[in-house]
Amino acid sequence: AVVTDPQGNTSPEGKDNSTVDLVVPGDVDGDGEKDLTGAPVVEINDGDDGVINPSDLNADGTVDAKVTFPKDAGYSVGDTVVIKDQDGTELVKRPLTAEDLENGITVKVTPAAEGEDTVVTAVVTDPQGNTSPEGKDNSSVDLVDGAITVEINDGDDGVINPSDLNA
């Protein structure tokens, strides 16, 4: 902009630049606002039954969880992803790569205590500080064998005799 006073004197030209940030992680409809349907998708490998059983565990006692990012939802290489477990422990905190956006990120999670819920969350933040909605999955933990064993005191002879009662 240039200003000229009534005497015809003109000022030096003034300029200003700014960057417009229209990309927000999790923005599915392009309105510059995050959308719940644009949240990272978190899936705990629990056999799709919502329960972590012994058969769902890796050899090291962990369970896998995969985080994927919806296409065309504002996620970009260089955005920071944070993946946490039920205790708030950061399992991953790093910039997203093209491979992450294409294939997702698999993390190993230590299951919660027996009968509790294992929870995995994921949030993405872009360099401007815009955050995605939280993606989340949870699975209850059932790692104890529920089989019931009954032992009959029969004196090891296969016959219950009066002497075996209340033994």
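## Close-up views

**View 1. Asp64 and Lys108 are joined through their side chains by a salt bridge, with N and O 3.6 Å apart.** Asp64 belongs to strand S3 and Lys108 to strand S6, so this pair ties together parts that lie 44 residues apart in sequence. A salt bridge here means a side-chain nitrogen of Lys or Arg within 4 Å of a carboxyl oxygen of Asp or Glu. Helices (H or I, at least four residues) and strands (E, at least two) are DSSP runs, numbered from the N terminus. Lys108 counts as partly exposed because its relative accessibility is 48%; buried means under 20% relative accessible area, exposed over 50%, and partly exposed in between, using a 1.4 Å probe and protein chains only. What you see is a predicted model, in which local features need pLDDT of at least 70 and side-chain atom pairs count only at pLDDT 80 or more, while totals for chains, interfaces and linings use all residues. Residues are numbered from 1 along each chain as its sequence is written, and side-chain values use heavy atoms, with hydrogens and water left out.

**View 2. Two further salt bridges involve Lys71 with Glu102 and Asp100 with Arg94.** By the rule given above, the count comes to 3 salt bridges. In the Lys71 and Glu102 pair, the closest N and O atoms are 3.9 Å apart. Lys71 sits in the loop between S3 and S4, and Glu102 in helix H1 (residues 98-103), so the pair links parts that are 31 residues apart in sequence. Both Lys71 and Glu102 are exposed. For Asp100 and Arg94, the closest N and O atoms are 2.5 Å apart. Is Asp100 buried or exposed? Asp100 counts as buried because its relative accessibility is 6%, whereas Arg94, at 29%, counts as partly exposed.

**View 3. Strands S1, S3 and S6 make an open sheet of 3 strands, in the order S1-S3-S6, with antiparallel pairing.** S1 and S6 (105-109) stand at the edges with a single partner strand each, so one side of each has no neighbour in the sheet. From one strand to the next, the twist averages 25 degrees; for this, axes are lines fitted to C-alpha atoms (for helices over the stretch in contact), and angles run from 0 to 180 degrees between N-to-C directions. Two strands are said to pair if DSSP finds at least two bridges between them. S3 (residues 63-68) and S6 run antiparallel and are joined by 5 bridges. Look for Val63, whose bridge partner in S6 is Val109. In a regular strand the side chains alternate between the two faces of the sheet.

**View 4. S4 and S5 form a hairpin with 5 residues between them.** S4 covers residues 80-84 and S5 residues 90-95, and the two pair in the antiparallel sense over 5 bridges. Thr80 stands opposite Pro95 in S5. In the turn, Gly88 has a positive phi of about 85 degrees.

**View 5. Strand S7 (residues 117-125) runs antiparallel to S4 and also to S8.** S4 and S7 are joined by 5 bridges, and Lys84 has Thr121 as its bridge partner in S7. S7 and S8 are joined by 6 bridges, with Thr118 standing opposite Ser139 in S8.

**View 6. Val150, Ile152, Ile160 and Leu165 form a nonpolar patch on the surface.** Together they have about 450 Å² of accessible area, computed by the Shrake-Rupley method with a 1.4 Å probe, where for residues only the protein chains shown count as cover. Patches are made of residues with over 30% relative accessible area and no salt bridge; like charges are joined within 9 Å, and nonpolar side chains (Val, Leu, Ile, Met, Phe, Trp, Tyr) within 5 Å. Ile152 lies in the segment after strand S8 (135-141) and is exposed, with a relative accessible area of 56%.

**View 7. Gly32 is found in the segment before strand S1 (41-44).** Gly32 is partly exposed because its relative accessibility is 26%.

**View 8. The protein chain has 1 helix and 8 strands.** Read along the sequence, they follow the pattern β-β-β-β-β-α-β-β-β. The radius of gyration is 29 Å, well over the 15 Å that the globule rule gives for 167 residues, so the chain is more spread out than a compact globule. That radius is taken over C-alpha atoms, and the globule rule is 2.2 Å times the number of residues to the power 0.38. Along its principal axes the C-alpha trace spans about 125 × 30 × 25 Å. Of the 167 residues, 31% count as buried.
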